[in-house]
Amino acid sequence: MVSDWEARREICEIGQRLYARGFAAGNDGNLSCRLSGNVVLCTPTLICKGFMKPDDLCTVGLDGRQLSGRRKQTSEVLLHLEIYKADPAVQAVVHCHPPHATAFGVARVDIPTCILPEVEVFLGAVPRAQYETPGGESFARTVRPFVGKANTVVLSNHGTVSWGPSVERAYWYTEILDAYCRVLLIAQQIGNVERLPHAEVRELLDLKQRFGAGVDPRQAGGELCVNTSFGRPTGAGAACPGAPPAGGAGVSP
Ligand SMILES: [Zn+2]
């Protein structure tokens with residue numbers, strides 16, 4: 001658990017990085033950090049994330065009531081609280097609108113997997129939550145099914161949310177995802193998005209476990225390759241291109 005001052009300083013610093021990257025236009029986005037079991041430090045409403053000062057931030061209880069701060073808490077804090085309540089190990093949440101990842105949410109296209117090694121290790125499959133009007137309880141509940149199974153989610157027609165053991169780590173997941181989505185969109189324009197073979201992906205997931213990043217749900221029998229048709233020439237089969245050939249060596253899920 002970080003100190004109140006440390007958490008305020010980190011949120012302001014990550015806010016600057018997030019704004020500089022173009023992940024939050026105007027006053028978009030919000031960040032938070034758990035100060036204790038039931039108290040969360042969060043960004044206020046109507047503030048540019050690139051120009052926050054430590055005393056601009058406010059604290060809220062897990063029940064959603066504001067505890068301190070001269071500015072009003074963000075209405076989207078309910079999304080953050082839903083994640084903190086669902087997983088006591090989560091220490092920080094970052095929500096913003098990184099353009100390339102958000103484009104997948106707008107197109108309502110699932111982020112494909114089995115393409116870049118770092119993404120397999122640090123993110124795994126990135127689910128897409130259904131659309132709900134931002135701010136309310138029903139919006140907050142859209143991420144609930146994915147807590148404990150992922151660290152980053154694309155919000156349909158909205159943006160992204162990621163969480164982790166620190167504000168920097170949660171931001172880091174967002175940055176990895178947006179860079180990945182950018183590469184995917186460029187490769188798609190070039191005309192082909194090649195998949196890694198299943199055996200290589202399993203090797204990466206073993207590596208992930210050895211790094212202490214936990215067991216990827218796909219190792220426990222989940223579908224290894226998500227959205228296998230993304231970036232394939234039109235008319236290409238829907239079968240996972242990374243799977244070993246039928247009748248060949250290797251085990252396909
Ligand atoms: Zn938003």
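# Report on a predicted single-chain model

I11 is a residue of helix α1. Helices (H or I, at least four residues) and strands (E, at least two) are DSSP runs, numbered from the N terminus. The structure is a predicted model, in which local features need pLDDT of at least 70 and side-chain atom pairs count only at pLDDT 80 or more, while totals for chains, interfaces and linings use all residues. Residues are numbered from 1 along each chain as its sequence is written.

A residue is called buried if 20 or more other C-beta atoms lie within 10 Å of its own, exposed if 12 or fewer, and partly exposed in between, with C-beta atoms placed from the backbone. I11 is buried because 26 other C-beta atoms lie within 10 Å. Two residues are in contact if their C-beta atoms, placed from the backbone, lie within 7 Å. Not counting residues up to four places away in sequence, I11 touches L31, C33, L41, T43, L57 and V167. The C-alpha atoms of I11 and K49 are separated by 9.0 Å, although these residues are 38 residues apart along the chain.

The expected span of a helix is 1.5 Å times one less than its number of residues. Helix α1 covers residues 4-20, so its 17 residues should span 24 Å; the end C-alpha atoms are 25 Å apart, which agrees. The buried residues of this helix are A7, R8, E10, I11, C12, I14, G15, L18 and Y19. These buried residues pack against β1, β2, β5 and α6. Just after α1, G22 takes a positive phi of about 80°.

## The packing of α3 and α6

Helix α3 (residues 99-107) packs with helix α6 (residues 167-190) at an angle of about 70°, and their axes are 7 Å apart. Axes are lines fitted to C-alpha atoms, for helices over the stretch in contact, and angles run from 0 to 180 degrees between N-to-C directions. Angles under 35 degrees count as roughly parallel, over 145 as roughly antiparallel, 65 to 115 as roughly perpendicular and the rest as oblique. The two helices α3 and α6 are therefore roughly perpendicular to each other. On the α3 side, the contact is made by H100, A101, A103 and F104, and on the α6 side by L177, D178, C181, R182 and L185. By class, this contact of α3 with α6 has 6 nonpolar, 1 polar and 2 charged residues. In this classification, Ala, Val, Leu, Ile, Met, Phe, Trp, Tyr, Cys and Pro count as nonpolar, Asp, Glu, Lys and Arg as charged, and the others, Gly among them, as polar.

G105 also has its place in helix α3. Leaving aside neighbours within four places in sequence, G105 is in contact with R128, V154, L155, S156, N157, H158 and G159. The C-alpha atoms of G105 and E137, which are 32 residues apart along the chain, are separated by 20 Å.

## Burial of selected residues

The table lists residues with their C-beta neighbour counts.

| Residue | Other C-beta atoms within 10 Å | Class |
|---|---|---|
| G105 | 22 | buried |
| N227 | 19 | partly exposed |
| R108 | 12 | exposed |
| R65 | 9 | exposed |

R108 lies in the loop between α3 and α4 (117-122). Although R108 is not a glycine, it has a positive phi of about 55°. N227, in the segment after α7 (198-210), has a positive phi of about 50° and is likewise not a glycine. R65 is found in the loop between β3 and β4 (66-68). The C-alpha atoms of R65 and Y180 are separated by 37 Å, and the two residues are 115 residues apart along the chain.

## The chain as a whole

The chain has 7 helices and 8 strands. Of its 253 residues, 40% count as buried. Along its principal axes, the C-alpha trace spans about 65 × 35 × 30 Å. The radius of gyration is taken over C-alpha atoms, and the globule rule is 2.2 Å times the number of residues to the power 0.38. With 253 residues, a compact globule would have a radius of gyration near 18 Å, and the chain's 19 Å agrees. Among contacts between residues at least 6 apart in sequence, 67% join residues at least 24 apart.
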